[in-house]
Amino acid sequence: MGRKNLLSGLMDDLGPPGQSVQSTEPERTSPTFGIRGAVGAMSRSLEKLSAENHAAKALAERFASGETVVEIDPSLIDASIVPDRMPGTEADHTALVRSIEESGQLVPVLLRPHPHDPSRFQTAYGHRRVRALSELKRPVRAIVRKLTDDELVVAQGKENGERRDLSFIERASYAVALEDSGFKRDTIGLALSVDKTELSRLIGVARAIPRSLVNAIGPAPKVGRRRWMELEVLLQGRDAAAGLTELLMSHPFLASDSDARFASVCAALSPRREKARAAIWTAEDGRRVASIDRRPERTMLAVDEKAAPGFGEYVVERLAELYSDYQRTRG
């Protein structure tokens, strides 16, 4: 019997779809072993086809879920819908380019098919690697997943939280950018792995400090929430753009790292305390016996023991008497 006829016969024996077929023979624990001839060969062929089909299906599922790494021309990749990081320094970028040039791209980026152009892709995370590979004219090793906008920003935030923490102000700026783009706070909280209270703090600080000032300072990786909130207080009632222009354009400021720039801004905004100059008290014999430092909150008397040995002890011993006289004069 030809293979076609045999298959036809086997299919006929199965009956119409949805109808179960009951076997009159005892159930075999191994339907392949022990079967000889054309039926045995056909059983083995069907099992092989089934295994290959299962493997192909699993491979397709892995690709659909983003487990397969593919290579994509960087010119076909666009940025994310919302940037999550401030621009890095050229030194950082140069170091990344050199690392990829020497060791290759060790970690794939995450992309999604572009929602408005099926011939292009959109970055979820890995912007810096894409830029470096573009300069090296190398393909980008990427995982491609079908992601909604919400899924994209959550994946973007989770990857950065697990691989390299965003600074406080980067997280705050990212939260505001997401909210301004129409994302709900529940989604933003998931993306940044924060509760509602912390998310409110992030958004509050980012909205209180002018974006131009944040960009001038940069990510300030060593500066935490408390110090950014202190800067927020220092800015209250001030025109930061007018008062800080000279500082922000100065060469020392521009040449400093981000944390030092933050410190410079805080120093410029902090109230300046004038250094009080101590008055010198001179005795009738011309000796400079003591210095007196008067301030609103305290007065300090310092006796020069070289000029008047023992005078300091003499004053201390009579403090009770002097204070009693003071009280009587006020009464």
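How many of the residues of the protein count as buried? Some notes from going through the model, starting with that.

1. Of the 331 residues, 30% count as buried. Keep in mind that this is a predicted model. The protein exposes about 22,600 Å², with carbon and sulfur atoms supplying 53% of that area.

2. On the overall build: the protein has 16 helices and eight strands. Among contacts with a separation of 6 or more, 66% are between residues 24 or more positions apart.

3. Proline 74 is worth a look. You'll find proline 74 in the loop between strand E1 (69–72) and strand E2 (77–78). Its relative accessible area is 13%, and the cut-off for buried is under 20%, so proline 74 is buried. Proline 74 and serine 134 are 60 residues apart in sequence, yet their C-alpha atoms are 5.5 Å apart in space. Neighbours within four places in sequence aside, proline 74 is in contact with Val130, Leu133, Ser134, Arg138, Pro139 and Val140.

4. Next, glutamate 179, in helix H6 (residues 168–180). With a relative accessible area of 22%, glutamate 179 is partly exposed. Leaving out neighbours within four places in sequence, its contacts are Arg185, Ile188, Ile203 and Arg207.

5. Now the aromatics. The count comes to three aromatic pairs. In one of them, tyrosine 323 with tyrosine 326, the ring centres are 5.7 Å apart and the planes sit at 35°, so the pair is tilted. The two tyrosines are three residues apart in helix H16 (residues 319–330), which means about one helical turn separates them. Tyrosine 326 has 39% relative accessibility and therefore counts as partly exposed.

6. There is also a charge over a ring: the charged end of arginine 261 sits over the ring of phenylalanine 253, 6.0 Å from the ring centre.

7. Last, the surface. Val316, Leu319 and Leu322 make a nonpolar surface patch of about 290 Å². Leucine 319, one of the patch residues, is found in helix H16, the helix that also holds tyrosine 323 and tyrosine 326.

Terms used. Residues are numbered from 1 along each chain as its sequence is written. This is a predicted model: local features need pLDDT of at least 70, side-chain atom pairs count only at pLDDT 80 or more; totals for chains, interfaces and linings use all residues. Side-chain values use heavy atoms; hydrogens and water are left out. Rings of Phe, Tyr and Trp (its six-membered ring) pair if their centres lie within 6.5 Å; planes under 30 degrees apart count as stacked, over 60 as edge-to-face and the rest as tilted. Helices (H or I, at least four residues) and strands (E, at least two) are DSSP runs, numbered from the N terminus. Buried means under 20% relative accessible area, exposed over 50%, partly exposed in between (1.4 Å probe, protein chains only). A charge sits over a ring if NZ of Lys or CZ of Arg is within 6 Å of the ring centre and within 35 degrees of the ring normal. Patches are made of residues with over 30% relative accessible area and no salt bridge: like charges are joined within 9 Å, nonpolar side chains (Val, Leu, Ile, Met, Phe, Trp, Tyr) within 5 Å. Accessible areas come from the Shrake-Rupley method with a 1.4 Å probe; for residues, only the protein chains shown count as cover. A salt bridge is a side-chain nitrogen of Lys or Arg within 4 Å of a carboxyl oxygen of Asp or Glu. Contact means heavy atoms within 4.5 Å.
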